[in-house]
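Good morning, and thank you for making time for this presentation.

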Amino acid sequence: MTELEKCMAGDIYDCHNETFLYLKEETRRLLREYHSLRYEQKEEKHDILNRLFHQIGTNVSVAQPFLCDYGMNIYLGNNVSINMNCTFVDCNKIEIGDNVLIASNVQLYTAAHPIELSERLTPDWNKETWQYFCRTYALPIKIGSGCWLGGGVIVLPGVTIGNGSVIGAGSVVTRDIPANSLAVGNPCRVIRKINGGNM
């Protein structure tokens, strides 16, 4: 398997492999262009987002500033609003459905490291070879249609948030949230069911 294939499979991979360094540089270039545009330059913004993301639906808004690692692993549905200062660490897939609101300062993290130090450190690490001292893997995040993530929400690797769910501001989502749920806190927990309505 290539390092990219390992990454997408959720296996330990070399995040400093030349493939990832190239992709990050291309993403940084597109983000620089995006951040240089004025608010009203909507067509130019949409053109850059089309090049940046793997998939982008209609009526999508991504406020500045916005940060991501690669862009190519981000899939956006229709009617998606991403407010300012959001960070998407898209080392693996980030899939966002239709009719989704993502408030300011939301952070979606697909990248992770092993918990145990003995597993986290790269064996026989040698700084002379530019090898990364720490092992990395990445797990996908999925946010269903009709969701609303409040300000400052953090979503951790491997989490799925079901259709129609609302995540309260400042929550840290460490595990899956079922559909049509209001969930809050750190760690985020469901406090009641809500009416999902039409997606």
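The side chain of N92 reaches the backbone oxygen of M8 at 3.4 Å, a polar contact, meaning a pair of N or O atoms within 3.5 Å, where within protein one must be able to donate a hydrogen and the other to accept it, and where residues adjacent in sequence count only if both atoms are side-chain atoms. This is a predicted model, in which local features need pLDDT of at least 70 and side-chain atom pairs count only at pLDDT 80 or more, while totals for chains, interfaces and linings use all residues. Residues are numbered from 1 along each chain as its sequence is written, and side-chain values use heavy atoms, with hydrogens and water left out.

N92 sits in the loop between β6 (86-89) and β7; helices (H or I, at least four residues) and strands (E, at least two) are DSSP runs numbered from the N terminus. At 3% relative accessibility, N92 counts as buried. Buried here means under 20% relative accessible area, exposed over 50%, and partly exposed in between, with a 1.4 Å probe and protein chains only. Beyond residues up to four places away in sequence, N92 touches C7, M8, G10, N73, T110, A138, L139 and P140, contact being heavy atoms within 4.5 Å.

C147 lies in the loop between β12 (141-143) and β13 (148-149), and C147 is buried, with a relative accessible area of 1%. Not counting residues up to four places away in sequence, C147 touches N99, V100, L101, I161, G162, N163, G164 and S165. Where is C15 in relation to C147? The two are 132 residues apart along the chain, and their C-alpha atoms are separated by 31 Å.

Let me turn to the helices. Helix α2 (residues 18-35) has 18 residues and reaches 26 Å from its first C-alpha to its last. That is close to the 26 Å expected at 1.5 Å a residue, the expected span being 1.5 Å times one less than the number of residues. At the start of α2, a side-chain oxygen of N17 comes to within 2.9 Å of the backbone nitrogen of T19.

Which residues of α2 are buried? They are F20, L23, T27, L30, L31 and Y34. These residues cover an arc of only 100 degrees around the axis, which puts them on the same side of α2; the arc is that of the directions from the helix axis to the C-beta atoms. On the other side of α2, E18, Y22 and R32 are exposed. The buried residues of α2 pack against α1 (3-8), α3 (42-52), β2 (60-62) and β3 (66-68).

In α3, the buried residues are K45, I48, L49 and L52. Seen down the axis of α3, they fall within an arc of 100 degrees, so they line one face of the helix. Their packing partners are α2, β1, β2 and β3.

Now to the strands. An open sheet is formed by 5 strands in the order β1-β4-β7-β12-β15, with parallel pairing; two strands pair if DSSP finds at least two bridges between them. β1 (55-56) and β15 (160-161) stand at the edges, each with a single partner strand, so one side of each is left without a neighbour in the sheet. Within this sheet, β4 (residues 74-76) and β7 (residues 94-96) pair over 3 bridges, and the bridge partner of L76 is I96.

Elsewhere, β3 and β6 pair in the parallel sense over 3 bridges, with L67 opposite T87. Another 3 bridges join β6 to β9 (residues 107-109), again in parallel, and V89 stands opposite Y109.

What of the interior? A nonpolar core is a set of buried Ala, Val, Leu, Ile, Met, Phe, Trp, Tyr and Cys residues joined through side-chain atoms within 4.5 Å. Of the 38 residues in the largest such core, F66, F88, I96, L108, L149 and I161 touch the most other members. A second, separate core of 9 residues includes F20, L23, Y70 and A138.

I close with the hairpin of β18 and β19. Strand β18 (residues 181-184) is joined to β19 by 4 bridges, and the two run antiparallel; A183 has V190 as its bridge partner. The hairpin has 4 residues between the strands, and G185 takes a positive phi near 105 degrees. Of the 5 residues of β19 (residues 189-193), the number buried is 0, so this strand lies largely in the open.
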